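Here's a quick briefing for anyone opening this structure for the first time. Have a look at the model, then read on.

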Amino acid sequence: MSILEALPGYAGRGSPERESEVLLSLVASGLSSLSGWWGQVDRRRPYDDRLQLGLDRLAVACARQGLEAPVGVADLVWSWCAERPMREWPLVLDPDAQADGELLLIDGAPSEFCREWARATRDLVADVHESALVNHVKDVARALGRPELYAHWRMLLTERAVLSAAEMIRQRNRFLDVPSWARWLDESYEPVPCEGTVNGRIAVCPRCHQWMTPAGGQGWLCPSWRCAVHRFGSVPDLREAEGAFRLRADLVGYIALPGRSELLLAKPLAARGARVVVSPGYDALDAIATWPDGFAIGVDVKDWRNPFLLARKIKRFPEWSGDHPYAYDKGYIAVPEDRTRGRQDYLRILRKHSTALQGQPHVQAITIEDLIKQCPDLGTPGEVTCGP
Ligand SMILES: [Zn+2]
């Protein structure tokens, strides 16, 4: 639950108030990101994808009220944000928001109203924006014909929750032929805020490798539920916070934590001699493991508590066969073993309610541990890789 949802009078998901807040938050945070330290919106910079998402929603709101919608992002920014006060937008906002006469852009710079709205509703926009960033990275990688870029980005976020200033520079320079790469990292990490530090240090959880938060004089807390039971049991890895960057909170939950369960599978399979490609086909699956004799498996890792809800989220496996570089013999939905502990009906419920599993008998639901045990073991290590 976000901070906003905890407030009295908060409008629920899908209500016109909520929809208006999301729309305005997208536009305000998109505008804020377009301006540099000097405040002016830089017309040479590419438009932020949040503005496109805001525009799409605005077009719907305009259609509902019979208004003419902006014709593109430039029109949204320079005719709407710069010239129309909020009372002329088709939005339903709490009167206490006192938005009526406000403009989002004044003299080419985001107004104070715009900046404060973006800051106050960061949680609200995170939901929408996290997938927007993921889709954006996928789209660019696809346009360049470089699927490994997407996989490298995902792997970096999964393995490195905190980057020192020097590491950030090194990581930004990894793909100098792809200018978007550095921008993706700028969008994915944020400077470590003061409240995330104690005595100039930031802590990294030794179990899930995510950054921890200070627990008011009682050490550090890991926000990941998987670590909650071991809260004070393990010694955090302390890093210098000065100049360092940490993964954005929404991407921890959306990319890094799921990514870790994928690596918990990929690394042992590589140890058994397989060449393991992670995120093949822009996440069509989580991993393809191929042994030197040609035997290959395709795996999707799913870390859900509730098998009934998980069943609805399982997609059909891609039909890669013949001389496709990712052709596989068997497909698996693999769940961490602790999800099924004491719940013998977990996999049965999953199979019973998943039309994707029923429609693809060559795909089997299994625990990660059982899957690893079933796979060949050559005794010589293979590798985990991002590209074909
Ligand atoms: Zn942890």
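In which helix does H152 lie? H152 lies in helix 7, where helices are DSSP runs of H or I with at least four residues, numbered from the N terminus. This is a predicted model, so local features need pLDDT of at least 70 and side-chain atom pairs count only at pLDDT 80 or more, while totals for chains, interfaces and linings use all residues. Residues are numbered from 1 along each chain as its sequence is written, and side-chain values use heavy atoms, with hydrogens and water left out.

- H152 is partly exposed, at a relative accessible area of 22%; buried means under 20%, exposed over 50%, and partly exposed in between, with a 1.4 Å probe and protein chains only.
- Leaving aside residues up to four places away in sequence, H152 touches R174, F175, W181 and C386 (contact means heavy atoms within 4.5 Å).
- H152 and T385 sit 233 residues apart along the chain, yet 8.8 Å separates their C-alpha atoms.
- E148 also belongs to helix 7, and it's buried with a relative accessible area of 19%.
- With residues up to four places away in sequence not counted, E148 touches C386 and G387.

**Aromatic pairs**

- There are nine aromatic pairs in the structure; rings of Phe, Tyr and Trp (its six-membered ring) pair if their centres lie within 6.5 Å, and planes under 30 degrees apart count as stacked, over 60 as edge-to-face and the rest as tilted.
- Take Y150 and W153: their ring centres are 6.1 Å apart and their planes at 40°, so this pair is tilted.
- Y150 and W153 are about one helical turn apart, because they are three residues apart in helix 7 (residues 147-159).
- Y150 is buried, with a relative accessible area of 0%, and W153 is buried at 0% too.
- W181 and W184 have ring centres 6.0 Å apart and planes at 65°, so that pair is edge-to-face.
- Both W181 and W184 lie in helix 9 (residues 179-188), three residues or about one turn apart.
- W181 counts as buried at 0% relative accessibility, and W184 is buried at 1%.
- Ring pairs also join Y150, W153 and Y282 into a cluster.

**Helix 8 against helix 9**

- Helix 8 (residues 165-172) and helix 9 cross at roughly 145°, and their axes come within 9 Å; axes are lines fitted to C-alpha atoms, for helices over the stretch in contact, and angles run from 0 to 180 degrees between N-to-C directions.
- M168, Q171 and R172 of helix 8 meet W181, A182, L185 and D186 of helix 9.
- By class, that contact of helix 8 with helix 9 has four nonpolar, one polar and two charged residues; Ala, Val, Leu, Ile, Met, Phe, Trp, Tyr, Cys and Pro count as nonpolar, Asp, Glu, Lys and Arg as charged, and the others, Gly among them, as polar.

- Helix 2 (residues 16-34) has 19 residues and spans 27 Å from first C-alpha to last, close to the 27 Å expected (1.5 Å times one less than its number of residues).
- Helix 2 packs with helix 3 (residues 49-64) at an angle of about 145°, with the axes 8 Å apart.
- The contact of helix 2 with helix 3 involves 10 nonpolar, four polar and three charged residues.

Notes. Helix = DSSP H or I, 4+ residues; strand = E, 2+ residues; numbered from the N terminus.
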